[in-house]
Amino acid sequence: DLIKGMRDAIKCHQSLLESAGILHRDISPGNIMLSKSRSSDISSGSDIVSSEAPHGFLIDLDLAKYVGPIQTTTNSTPSSVRRRTGTMLFMAIEILQGTCLRHSWRHDLESFFYVFIW
């Protein structure tokens, strides 16, 4: 359930970024909600399709930043995301060291890794 929850929380992060142009910037255990596994059957004509509810999702967008449309072929993040934010224990190393002042989606993914091993 933990792995499915983390997977779904990462998908939520991706959806926020790609669909709405929002970068979370505060990935931590307190901002990832895990739900009990539930499934429901959806009738589709003569077939029954099993649909599984998400096992995890993100909350607390207080430190999130609108960064606009993101092109998946670039690693750049707009300069408006230069402020160091997040829960220190789960921050990306580049952000903590100050070697990279722009918070990007890959820093959030690194934070997911730290949450997972915590």
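Residues are numbered from 1 along each chain as its sequence is written, and side-chain values use heavy atoms, with hydrogens and water left out. In this predicted model, local features need pLDDT of at least 70 and side-chain atom pairs count only at pLDDT 80 or more, whereas totals for chains, interfaces and linings use all residues.

The protein has three helices and six strands, where helices (H or I, at least four residues) and strands (E, at least two) are DSSP runs numbered from the N terminus. The elements run α-β-β-β-β-β-β-α-α from the N terminus on. Of the 118 residues, 32% count as buried, a term that stands for under 20% relative accessible area, with exposed for over 50% and partly exposed for values in between (1.4 Å probe, protein chains only).

On the surface, Leu2, Ile3, Leu34, Phe113, Phe116 and Ile117 form a nonpolar patch with about 620 Å² of accessible area together. Patch residues have over 30% relative accessible area and no salt bridge, and nonpolar side chains (Val, Leu, Ile, Met, Phe, Trp, Tyr) are joined within 5 Å; a salt bridge is a side-chain nitrogen of Lys or Arg within 4 Å of a carboxyl oxygen of Asp or Glu. Helices α1 (2-20) and α3 (105-117) each supply at least two residues of the patch, and α3 gives the most, with three. Phenylalanine 116 lies in helix α3 and is partly exposed, with a relative accessible area of 41%.

The structure holds one cavity of 30 Å³ or more, a cavity being a set of points on a 1 Å grid where a 1.4 Å probe fits but cannot get out, with lining residues having an atom within 4 Å of a point.

Arginine 25 has a positive phi of about 70 degrees although it is not a glycine, and it counts as buried at 6% relative accessibility. Aspartate 60, in the loop between β5 (56-58) and β6 (65-66), has a positive phi of about 60 degrees, although it is not a glycine, and counts as partly exposed at 32% relative accessibility.

Conventions: On a 1 Å grid over the protein atoms alone, a cavity is a set of points where a 1.4 Å probe fits but cannot get out, and a pocket is an open set with protein on both sides within 12 Å along at least five of seven lines; lining residues have an atom within 4 Å of a point. Grid points are joined across faces, edges and corners, and a volume is the space filled by probe spheres set on the points. Patches are made of residues with over 30% relative accessible area and no salt bridge: like charges are joined within 9 Å, nonpolar side chains (Val, Leu, Ile, Met, Phe, Trp, Tyr) within 5 Å. Accessible areas come from the Shrake-Rupley method with a 1.4 Å probe; for residues, only the protein chains shown count as cover.
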